[in-house]
Every structure is written in structure tokens, then in C-alpha cells.
Amino acid sequence: MSDTPNAPVDLDALRRRIDELDGEILKLINERADCAQRVAHVKLAEDADAVFYRPEREAQVLRRIMALNQGPLDSEEVARLFREIMSACLALEQPVKVAYLGPEGTFTQQAALKHFGESAVSLPMAAIDEVFREVEAGAVNYGVVPVENSTEGVVNHTLDSFIDSSLGICGEVVLRIHHHLLVGETTRRDKVSRIYSHPQSFAQCRKWLDAHFPHAERVPVSSNAEAARLVKTEWHSAAIAGDMAAKLYDLTRLAEKIEDRPDNSTRFLIIGHQDVPMCGEDKTSIIVAMRNQPGALHDLLEPFHRHQVDMTRLETRPSRSGVWNYVFFIDFKGHRDEPRVAALLDEVRLRASELKVLGSYPQGVL
Ligand SMILES: O=C(O)C(=O)C[C@]1(C(=O)O)C=C[C@@H](O)C=C1
């Protein structure tokens, strides 16, 4: 075989080489799976209630692979392949069960698959509260809920659910959101008089809709997947939804990527009972209640500046009880076990009327 580009190649020889390599890859993947099974035995020997899913280790594996990769495959592509290999290995140790904000075909399901891989068992829930309840009750191991969109801002319902919940955060996943205009096979573009979607998606595609379908009725529904389900059986209707919903309901794309901002993305949280050890590139989320007095916000923020802790998000929510006068949701870089972060948290605790650490977890890798 020649290394010279454009040299004539022998197709049979190349396919024989691919067969050989596939044999080696197969052997290595199974050797890896065997190691994972042995890891499970070690975990069980140490603790009968062992937790098999280890977010910090998964983040380290994926980051290492991306750093090692020399192409020609793109690093993200390679990480996605390893994501699936680890998902299958974890399923051999113990299949992980995940509840997500449904119905089937939502972006949250896409986020759950991106984070846990195809070997996880994922179950759709009708509402964010239900995802929290299923995880709290132990019916599933983890939950996946949306928390903020780059165009539309925060998902208040998710933030509020943390106030009264015993659950914490064990991971995050960021998804690029691409919306398409979808129709059933009998609907023509010039006949679309009604468009269904989730209110957030309407907001994310507002300029495109004003320009292309100014006269179509916009009907808000509970999810993009529900919008896709409705148009499957309706003439003259279209839905705004993503790839998963298009595939699930076998719809045609009249227009692709119609979101107004090309960087439109949504951040999802993985919720659970687990305290996640440090992985090296971590984030911490806290809820802080401050007394209703002048300078409260300054008092809260000043230690972050002094300890040089990088805040990535600050949200304020109205209090729902007397104690929680002002409630702030804060995300920052670092892990609660780092001395610098521990010192910061001690100071914030002294200044606040309440502090709840929701968790430290790996920054989203993919
Ligand atoms: O290292 C572990 O603890 C494992 O269980 C192995 C492994 C892997 O396949 O690499 C599988 C599942 C865990 O979530 C993390 C990593």
C-alpha cells in the first residue's frame, strides 16, 4: 500500500486491513468490558451499596481520549464513540435508569442520551416535578432536567424544584439546539396556516417566523415532541421541533436550523443523590438566601472576588418563605473539596441566612 496521496489504491487490500483492525478493536473493547466488570466486583467488595456510575471518572476518560486524539477523526467524534463504549461497559456493571422531562423526542431526551449513552434505560416524565419525584423515590438512579437556554434564559421551574428537594446535582450537559420546521407528508409549504411548538422554541425562532410565516397561527403546546405528534395527523399544520422528534414521528423538514441565533444551546442538569469527587475541571452550584438588608448582594459577592473564584451564573428568585428573603442560585468553577472553594463556602455560610450546596460536578465535556 502506498502512502502517497492520490496513488491508486487496492480496494480489496484496504478492506482486508479494515477487517483485521475491526478484529483487534473488537478484542480490545471486550477486554475493556471485562475490566469494567472486574471494577464492579471491586466496588461491591468495598461497599454493598456501591454506586457504579462515576461521573468524575467518565469525564476524565473522555477528556484524556480527546487530548490523545491525533485524527483524522475529530476529537468530539472520538469522544462520542468512547461515550458509547463506556455506556455499554457501565450497563454490564449495572444498567443505569434515568428519568427525563418527556415526552419521547424532546431535547431533554437527546441530552440524556448524550450524557449517559444509548445503553442507559431512559424514561419520559410529564413534568419537571415528576423527574425530581422519581429520583427522590429511588425509582430511577438519575434525572435530567433543562436549566437554562442561551437565548431564553433560565428554566425557573427547575431552579425552584431544588429549594425543597433533597437532591443534588451530579453533572451537566450542554446541547446545541437546532429547530426545524416539520410537516407530515401531505402538507405543502404554501398551505401551512398553523404552527405548533413549545413557547421557548417560538421565542428562539421568532425572527425567522416573522419573516417566513407572518400570518400562520402560532399555537403553544407543552413540548416540541407534542407539537410533532400533533402535526403527524393534521393537514396544513407544521411543528417546530428537533431531530429526535422529526425521526420519532417520521416528519419532513420544510426548513432546517431556523433558530434566530446560531449558537442557541440549552444546559441540562443531571440530578441525583450522589456526592461526586473532584475530576480536575469541576463546577459547583449553590443556593443562598440573604437577609433583606442594604448591601446584601455586595456582601455575598465580595468573597468570590477575594478568593478569585470564577462565577459562571447568578440568578435571583423570589422567596417562597419568610426565611428565604432573597434566593440566589450561583454556579462557579471549582470543587467543594478544593481548599480555596471550601474557604469561600465557609465565608458565604457566615454571611447568608441559608446556604445549600447543590453539588460539585464535572464541567460538561461534550
Ligand atoms: O472506573 C470505573 O469506576 C468504572 O466503573 C469503569 C467505567 C468505564 O467504562 O470506564 C464505567 C462506568 C463508570 O461510570 C466509569 C468508568
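Q: How are the residues numbered, and what pLDDT do local features need?
A: Numbering starts from 1 along each chain as its sequence is written. As this is a predicted model, local features need pLDDT of at least 70 and side-chain atom pairs count only at pLDDT 80 or more, while totals for chains, interfaces and linings use all residues.

Q: Which residues are around the ligand?
A: They are Ala36, Val39, Phe52, Tyr53, Arg54, Arg57, Glu58, Val61, Met86, Cys89, Leu90 and Glu93; a residue counts as near if its C-beta atom, placed from the backbone, lies within 6 Å of the molecule.

Q: And which elements give two or more of those?
A: Helix 1, helix 2 (55–68) and helix 3 (75–93) do. Helices here are DSSP runs of H or I with at least four residues, and strands are E runs of at least two, numbered from the N terminus.

Q: Which of them gives the largest share?
A: Helix 3, with four residues of the shell.

Q: Moving on, where does Asp19 lie, and is it buried or exposed?
A: Asp19 lies in helix 1, which spans residues 11–46. Asp19 is exposed because 9 other C-beta atoms lie within 10 Å; exposed means 12 or fewer, buried 20 or more, and partly exposed in between, with C-beta atoms placed from the backbone.

Q: How far is Asp19 from Gly138?
A: Their C-alpha atoms are separated by 45 Å, and the two residues are 119 apart along the chain.

Q: What about domain 1 and domain 3?
A: Their C-alpha centres lie 39 Å apart; the bounds come from an automatic or database domain assignment.
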